[in-house]
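Please take me through this structure feature by feature.

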Amino acid sequence: MPRVPHPTDHRTLPRARHWSDDAACAGAEAAAFFPVGKGGVPASVLAGDAKATCQRCPVRPECLGHALTFREDYGVWGGLDEDERAELLRQARRAAEKQRRKEREQQKGKADATTAA
Ligand code: SF4
């Protein structure tokens, strides 16, 4: 699976233009985007500065899309930390399952109507 370095990563080789070239976090301290809870302060609280940077980032949708598509497990991407992205994915799975159930029930209803006719 191809991996895109976090936009704060400067170790990238020359390459074609990429959404991360316009990242508001380019050149920022990468550790701020990968906070680790310490002293009883949860990582989600320590991620506040990173999330504030994301709020003014012009490529936030692309960044979040990348993180969701490639299941980035750690850090702040697109303004969301890993717990928030996991919840977003759970909600999407629940919505997809609900839609599939609805479609199955509609198909069963049509089949029952055909049988009864
Ligand atoms: S949305 Fe946040 S993490 Fe993503 S490129 Fe922008 S500033 Fe960086």
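Q: Among contacts between residues at least 6 apart in sequence, what share joins residues at least 24 apart?
A: A contact requires C-beta atoms, placed from the backbone, within 7 Å of each other. In this protein, 44% of the contacts between residues at least 6 apart join residues at least 24 apart.

Q: How are the model's origin and numbering to be read?
A: This is a predicted model, in which local features need pLDDT of at least 70, side-chain atom pairs count only at pLDDT 80 or more, and totals for chains, interfaces and linings use all residues. Numbering starts from 1 along each chain as its sequence is written.

Q: What is the mean pLDDT of the protein?
A: pLDDT is the predictor's confidence in each residue, from 0 to 100. The mean is 89, and 94% of the residues reach 70 or more.

Q: How many helices and strands does the protein have?
A: Helices (H or I, at least four residues) and strands (E, at least two) are DSSP runs, numbered from the N terminus. The protein has 4 helices and 0 strands. Its radius of gyration, taken over C-alpha atoms, is 20 Å, well over the 13 Å that the globule rule (2.2 Å times the number of residues to the power 0.38) gives for 117 residues, so the protein is more spread out than a compact globule.

Q: Which residues come nearest to the ligand?
A: A residue counts as near if its C-beta atom, placed from the backbone, lies within 6 Å of the molecule. Of the 16 residues around the ligand, Ala23, Cys25, Cys54, Cys57 and Cys63 come nearest. Helices H2 (48-55) and H3 each supply at least two residues of this shell.

Conventions. Contact = placed C-beta atoms within 7 Å.
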